Amino acid sequence: MDETEFWKIIDAAREDAEGDAEEQADLLVERLTRLDPDSVLDYARHFEARYNRAYLWDLWGAAAVLFDGANEEVFDSFRCWLIGQGREVYEGAVHDPDALAELLDDFDVEIDGDGEEIGFAADEAYEALTGAETPDLGIPMPGGEPLGTPLDLADDEALAVRFPRLWERFGAG
């Protein structure tokens with residue numbers, strides 16, 4: 001599976017789920033179970049690589065603006081959700097997290113941002129196909145602190161300065 005195929009699976013499931021992350025996760029599992037186990041592992045590697053790439057202070061700060069605070073668990077789930085938004089939103093946010101102000105049509109903390117189940121879709125599909133847990137993908141997990149310049153995620157003024165467009169549109173008011 002190449003990168004284009006990976007994003008096609010993500011996009012098709014997102015469009016069919018009409019923005020519902022839980023439904024998108026279910027659709028991903030359904031679609032992945034139509035593939036062979038090696039293709040599911042390829043999908044999982046693509047997902048994991050993007051998940052790790054998004055381990056950035058600026059993305060964590062953007063999540064803190066959107067959620068009015070974001071602990072590590074929220075940030076992990078947010079990164080899965082971000083991948084689930086498709087290539088354009090994901091790449092735009094990784095390049096410039098403040099661009100989420102333009103990349104997102106809307107953001108409702110009750111509905112959006114929780115992509116934990118999206119992150120487990122490949123594991124569920126692989127187990128359904130093989131009866132075994134997903135093996136080690138050979139992708140090292142990021143260690144320690146996120147990449148980039150640290151910031152105080154509880155400092156509204158610092159968040160407003162670092163993410164002016166996002167703060168104006170979604171920040172605490």
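User: Happy to dig in! Why is Arg 165 called partly exposed?

Analyst: In this predicted model, Arg 165 has a relative accessible area of 33%. Buried means under 20% and exposed over 50%, so Arg 165 counts as partly exposed.

User: And what makes Asp 98 buried?

Analyst: Its relative accessible area is 5%. The cut-off for buried is under 20%, so Asp 98 falls in that class.

User: How do you know that Arg 165 forms a salt bridge with Asp 98?

Analyst: Their closest N and O atoms are 3.0 Å apart. A salt bridge needs an Arg or Lys side-chain nitrogen within 4 Å of a carboxyl oxygen of Asp or Glu, so the pair qualifies. The two residues sit in distant parts of the chain, 67 residues apart: Arg 165 in helix H10 and Asp 98 in the loop between helix H6 and helix H7.

User: Nice! What makes Asp 16 and Arg 31 a salt bridge?

Analyst: Here the closest N and O atoms are 2.3 Å apart, and the limit is 4 Å, so this pair is also a salt bridge. Asp 16 lies in helix H1 and Arg 31 in helix H2.

User: Last one: why is Arg 34 called exposed?

Analyst: At 58%, Arg 34 is over the 50% cut-off, so it is exposed. Its side chain meets that of Glu 30 in a salt bridge, 2.8 Å from N to O.

Note on methods:
Residues numbered from 1 in each chain as written. Predicted model: local features only at pLDDT ≥ 70, side-chain atom pairs only at ≥ 80, totals over all residues. Heavy atoms only, no water. Helix = DSSP H or I, 4+ residues; strand = E, 2+ residues; numbered from the N terminus. Buried < 20%, exposed > 50% of the residue type's maximum accessible area, 1.4 Å probe, protein only.
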